[in-house]
Structure formats: C-alpha cells, structure tokens
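Look at the sequence and the structure first, then try each task before reading its solution.

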Amino acid sequence: MAGADSPSTALRRRDLCTRGIRLVGKMRSDVIDLLDTYVERQGLDASASVAAVEGVPPAAVERWDEQTGTQRLLENLAAYRAFRALLAQMLEEQREQLGEAGAALGRALAAVLLQVSAFTYHLEELLRLESRSPPSEEGDGPPPRPPLSLFEQKLRGLGVLRELAQWALRSARDLRQLAKPSPGTGSAPGLAESP
Amino acid sequence: HMQYERVGADVTMKCGSMDWDAAVTWTANGTDIDESHLNGSYLILKNVDLTQSGQYSCYEGSSWHLKYQTYLRVGTPPKEPVLMCRSNNYPKGFYCSWHLPTPTYIPNSFNISVIHGTKEMICEKDAVPKNRCHIRYLQLFSTVKYKVTLTVTNALGKNFTTLTFDEVAIVKPDPPESVVAKPVPNNPRRLEVSWQNPSSWPDPESFPLKFFLRYRPLILDQWQHVELSDGTSHTITDAYAGKEYIIQVAAKDNDIGTWSDWSVAVHATPWTEEPKHLTTEAQITETTSASTSSFMAPPTTKICDKGAMVGSGAVAVCWTAGLVVAAYSVLFI
C-alpha cells in the first residue's frame, strides 16, 4: 500500500526489525555451534563440499540491494517455512540414526527449530503491518522425495545448516534495510508497492 | 632483437650469418670485448650474471660493418607469486593484489582468473596500482566459494598460485577515519574519543561496523581495550591525570570478516587544573622546578616515581602516596 506510514506503524516496524535482528543474530551463532556438533556426531568432514540440495532455499541472491521491502519479507518467509519443515525432518532422522547417543544434537536441533519458528512468526507480523496477509502455507510439509541413503541424509543435513547460517546473515541485513527510515514520507524504503 | 637468458646460464652468440672463422669484433654497450671470450666468431659468455645485461654488437673485422646486434637481458623465471584478496567495501565487491617475492629483472605479465561455482568472473585491472584488480559481487550470501588463480609469465618461465575463499572470509574494513581525542573540561581522568566510519565502507546502516578502541599512557607499554558494538564515540574514564595518552581504533563488520588495521594514532592529555595565582616568591619557585615534572604535584615534591608503582590500570598506586594516605587516615580515627 503506497503512502506514508502512521507513526505507530513505523515504530512497530522498527521494533519488530530490531527484535528480529537480535533473534537471527542469536540463531546464526547457535547454527554455527550446531554445525560443529553435527559434523562431529555424523562423522562428516567439515570442509566437505555440498552441492545445492533440493528443497533447501538458497540464500544467494543477485541484485540484493534492489529488492523491495515486500520482496525481502516474502522471500524470507518462504525460506524459513521451508527450514522449519527441513529441521523437523532432520530431527526425526537424527533420532532414528543416533537414538540416545544423539540426545545433545537433538536438543540443539530442537532449539534452532524453535528460533526458526519464532522468526517465521516475526516475518508474518511484519507482512501484516504492510497490510499484506502472509501467503498460506502449501500443504503440511515438504513434497515427498525419493528416499535417501543414510550418508545422503547426513550430507543434506549439512547443506541445510550451512544454508540456514547464510540466511540468518541475509535476514539481519534485510531487516536493517526495512528498518531504515525513508526521508520525508516516513515510510520505510522499498515497501511502497508500484502503482 | 631481444634475448633473455637465466642467471648462471652459458650464452653463445653468433655473429649473424658470418662464418665461424670470420674475423669479427664484439662490443658490449659500445666497449670492445676481449678476444678471450670468443670462439672463432662466436661470443661465449659463461655463467652470466645481471651485470652482463646490455647491448651486444658484432662488427666485421676490417670494414666495421655491423653484422649483428642484440639486447641481452639476464633474469630469472618467476617464483610463486604472493596473492591477497580482500573486501573493504562489502557488499559491493572485493579486490585482489599480488607481487613477486623476489624480482626477476625482466618483464613479467600477470593473468588472473576468478571462478565462482561454474561462473568465470572478470577482475578489472586497476590503473594504479598496476598489480591489483577488482570484482563486483554479482551474488550475495552465497555458500559457494570463490577460486582465484594468478599466473605470472616471463620469457624464462611461468608460475602460479591459487586462493579459495568464502564471500565473507575476506571482509576486512579500512581503519576508522578522523579519530579525535579531546580532554573533558573539569575532568582530570577523562578523554573523549570520536571517529568516523571508513569512507570506503559503502552502507554502514545496513552493514554496521563495530569498533575496538585501545589506549595507554605514553609511559606504559600495556594497552587498555574496549569493544564497542555501536556508536562512533567513547569516553575514557580511567585515564591517569596529567598523562599524555596514545589512542587507536579498529573496525569490523558486526557479523562477518576480520578486524581492520589500527587507525592512525592520536595523542591527548586529560584536563588538568590551572595552577592557582601565588605570591611573587612562590611563582619564581614554581617556574624553576615544576616545568619538567609530569605530575601535578606541589612544586618541590615529586610524589611518585614510575618504578614505585604497584598494580596496574585504574587502581595502580605508589608506596609513597599510600603512606601519605595512611598517615592522614590515622589522624582522623
């Protein structure tokens, strides 16, 4: 919706952005710690190259600085909803693979999953603030895929966590862009829709 | 005609199409070369060194017609080059710069290739300095590494080196600029320090920097450190009264990369009270004995020597001062 924000909307947006930035900062730090634990528990090589994994939203983006605020929010929301499902799947796989021996890893995964859910809610709130209903989630989970071998599951998990760490970096930058006050109109830059 | 030879090589020069047994004279940079270096009409230079670079000419014996001329350049093939890549203007791009660890003494050409995944990127060479090129990031937040290969070639050989890195690993801002340190009026233990973001950092609002400040009095070797997550100013509150301080600041992106080099150092001394107006006799005493004392002490008394200091930082005390304080405390019990 084009036009200036009310002061309370601008304040609420800035508050959500500030808290969101803190949340993804903590999330990124936890994901980096989790990566060390995951690599060790799953017996992987930390420097292993993982090709783009199907179903994992890539954080890489071209012309990032040209994105509108709404684009940023929608892309972030789609990504974190996907990560929510992927992490839930990883949690289940890890329980089957490692059982009790993987309890610490399971707790760390669950904690990150909680943060991803919290951030997803944050993004939905920000979208509502722009008078946009968050898009409905398609189906109940990721589409069914051919079963992976145990090793392929572990590698995919590595890819998921690495990509999530990149997303956490990108999201902090996206929220800072959103939080920038626009000169004159009082609305955040990039949030005005094209006529 | 140019000829390149390695240091230590044996070089044989033929006098153009002249027969081996023709009578010739060779010169090096216009000076005749002794016949002992000749084998027939061939010039033999054994184990050449750098000083033998120059213009070699061969003249027919009697007519002094120039039959052959070459410019000899003695040098070495290149050793493995030293390559460095850095982003001081994230998220715009990064630059790579290089040099040879030892000179080759002959011209070298450099070729750099940058690959990101399957994509080859163009590294645009800077006019100044010559051994540098820069790349714009086409993608941000990528997990795919960059691979930079630098090949150096000259007439005697080639060599190369490769660097592989993440987008974020090479981020290192330039040091903060315009560092200023000022005393705070009526506060003998404070110094106000302010600085600016490096001008090369394009978007400090979306990519904020955090800062590291270090300071020490000139008379001590140990630095005090403060890390600051926002703002471009800080007040030091534990400075030693009357002591000149040296202060520096470094910067780092809040989330990624490494710390910048330290900024240019600034010096400042905390505010000290103006000496009160005294009688004429006392004023004469003051000007003759207090000018070299760095403590604001009564004019004829030096309270502390550096060697009598105990402890460090804000709670350092000296024995003499401690005794004085203890004596006063006893008086008031």
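**Exercise 1.** Which hand does the link of B:C15 and B:C58 have, and what does the pair tie together?

*Solution.* Step 1: the angle about the S-S bond is -100°, and the link of B:C15 and B:C58 is left-handed. Step 2: B:C15 and B:C58 form a disulfide with an S to S distance of 1.9 Å, where a disulfide is a pair of cysteine sulfur atoms within 2.5 Å. Step 3: B:C15 sits in the loop between β2 (11-13) and β3 (24-28) of chain B, and B:C58 in strand β7 (residues 54-60) of chain B, so the pair ties together parts that are 43 residues apart in sequence. Strands (E, at least two residues) and helices (H or I, at least four) are DSSP runs, numbered from the N terminus. Step 4: B:C15 counts as buried because its relative accessibility is 0%. B:C58 also has 0% and counts as buried. The cut-offs are under 20% relative accessible area for buried, over 50% for exposed, and partly exposed in between (1.4 Å probe, protein chains only).

A note on the source: this is a predicted model, in which local features need pLDDT of at least 70 and side-chain atom pairs count only at pLDDT 80 or more, while totals for chains, interfaces and linings use all residues. Residues are numbered from 1 along each chain as its sequence is written, chains are lettered from A and ligands numbered from 1 in the order in which they are written, and side-chain values use heavy atoms, with hydrogens and water left out.

**Exercise 2.** How many disulfides does the structure hold over all chains, and where do B:C85, B:C96, B:C123 and B:C133 lie?

*Solution.* Step 1: over all chains there are three disulfides. Step 2: one of them joins B:C85 to B:C96, S to S 2.1 Å. B:C85 belongs to strand β9 (residues 82-86) of chain B and B:C96 to strand β10 (residues 93-99) of chain B, so this pair ties together parts that are 11 residues apart in sequence. With 105° about the S-S bond, the link of B:C85 and B:C96 is right-handed. Step 3: B:C85 is buried at 9% relative accessibility, and B:C96 is buried at 0%. Step 4: another disulfide is that of B:C123 and B:C133, with sulfur atoms 1.9 Å apart. B:C123 is in the loop between β12 (119-121) and β13 (124-125) of chain B, and B:C133 is in strand β14 (residues 132-136) of chain B, so the parts tied together are 10 residues apart in sequence. The angle about this S-S bond is 90°, and the link of B:C123 and B:C133 is right-handed. Both B:C123 and B:C133 are buried.

**Exercise 3.** What is the order of the strands in the open sheet of three strands, and which strands are the edge strands?

*Solution.* Step 1: the order is β18-β19-β22 (chain B), with antiparallel pairing. Two strands pair if DSSP finds at least two bridges between them. Step 2: β18 (177-184) and β22 (233-236) of chain B each pair on one side only, which makes them the edge strands. Step 3: from one strand to the next the twist averages 15°, taken between axes that are lines fitted to C-alpha atoms, with angles from 0 to 180 degrees between N-to-C directions. Step 4: β18(B) and strand β19 (residues 187-196) of chain B run antiparallel and are joined by six bridges. B:V184 stands opposite B:N187 in β19(B), and B:V180 has B:S194 of β19(B) as its bridge partner. Step 5: the hairpin of β18(B) and β19(B) has two residues between the strands, and B:N186 takes a positive phi near 65° there.

**Exercise 4.** Is B:Q3 buried or exposed, and which residue does its side chain meet in a polar contact?

*Solution.* Step 1: B:Q3 is part of strand β1 (residues 2-6) of chain B. Step 2: B:Q3 is buried, with a relative accessible area of 14%. Step 3: the side chain of B:Q3 makes a polar contact with the side chain of B:E5 at 3.1 Å. A polar contact is a pair of N or O atoms within 3.5 Å; within protein, one must be able to donate a hydrogen and the other to accept it, and residues adjacent in sequence count only if both atoms are side-chain atoms.
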